[in-house]
Amino acid sequence: MVQNKNSNPHYYVTMEIGMDELIAIRKKANELLGAKISVNDYIIKAAALSLKEVWRTPRAARAGRVAA
């Protein structure tokens, strides 16, 4: 793993996201349902729905373009 990271180019992408509204929704849902729904649960659900809607997006990139 160390050799792979040292010999291949890599980069990191970061983004700042306001989560105030999600935290408020989570709090209300937990109170109404008497459950413990985590922020991670919402993130996983959002990712799954996104992949379901745009399922061709995560394809292997070849020669600077996305392969179909």
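Buried means under 20% relative accessible area, exposed means over 50%, and partly exposed is in between, with a 1.4 Å probe and protein chains only.

A word on the source. This is a predicted model, where local features need pLDDT of at least 70, side-chain atom pairs count only at pLDDT 80 or more, and totals for chains, interfaces and linings use all residues. Residues are numbered from 1 along each chain as its sequence is written, and side-chain values use heavy atoms, with hydrogens and water left out.

Confidence next. pLDDT is the predictor's confidence in each residue, from 0 to 100. The protein averages 81, and 72% of the residues score at least 70. Helix H2, residues 20-33, has the highest mean, at 96. Strand E1, residues 61-62, has the lowest, at 52.

Now the layout. The protein has 3 helices and 2 strands. From the N terminus the order is α-α-α-β-β. Helices (H or I, at least four residues) and strands (E, at least two) are DSSP runs, numbered from the N terminus.

On to H2. This helix has 14 residues and reaches 20 Å from first C-alpha to last, close to the 20 Å expected at 1.5 Å a residue. That expected span is 1.5 Å times one less than the number of residues.

Which residues of H2 are buried? They are Leu22, Ala29 and Asn30. Seen down the axis of H2, they fall within an arc of 100°, so they line one face of the helix. The arc is taken from the directions from the helix axis to the C-beta atoms. The buried residues pack against helix H3, residues 39-53. On the other side of H2, Asp20, Glu21, Lys27, Lys28, Glu31 and Leu32 are exposed.

Take asparagine 30. It counts as buried because its relative accessibility is 15%. Leaving aside neighbours within four places in sequence, asparagine 30 is in contact with Ala35, Lys36 and Ile37. Contact means heavy atoms within 4.5 Å. Just after H2, glycine 34 takes a positive phi of about 65°.

Now arginine 26, also in H2. With a relative accessible area of 27%, arginine 26 is partly exposed. What does arginine 26 touch, leaving aside neighbours within four places in sequence? Ile37, Ser38, Val39 and Tyr42. The C-alpha atoms of arginine 26 and aspartate 41 are separated by 9.9 Å, with the two residues 15 apart along the chain.
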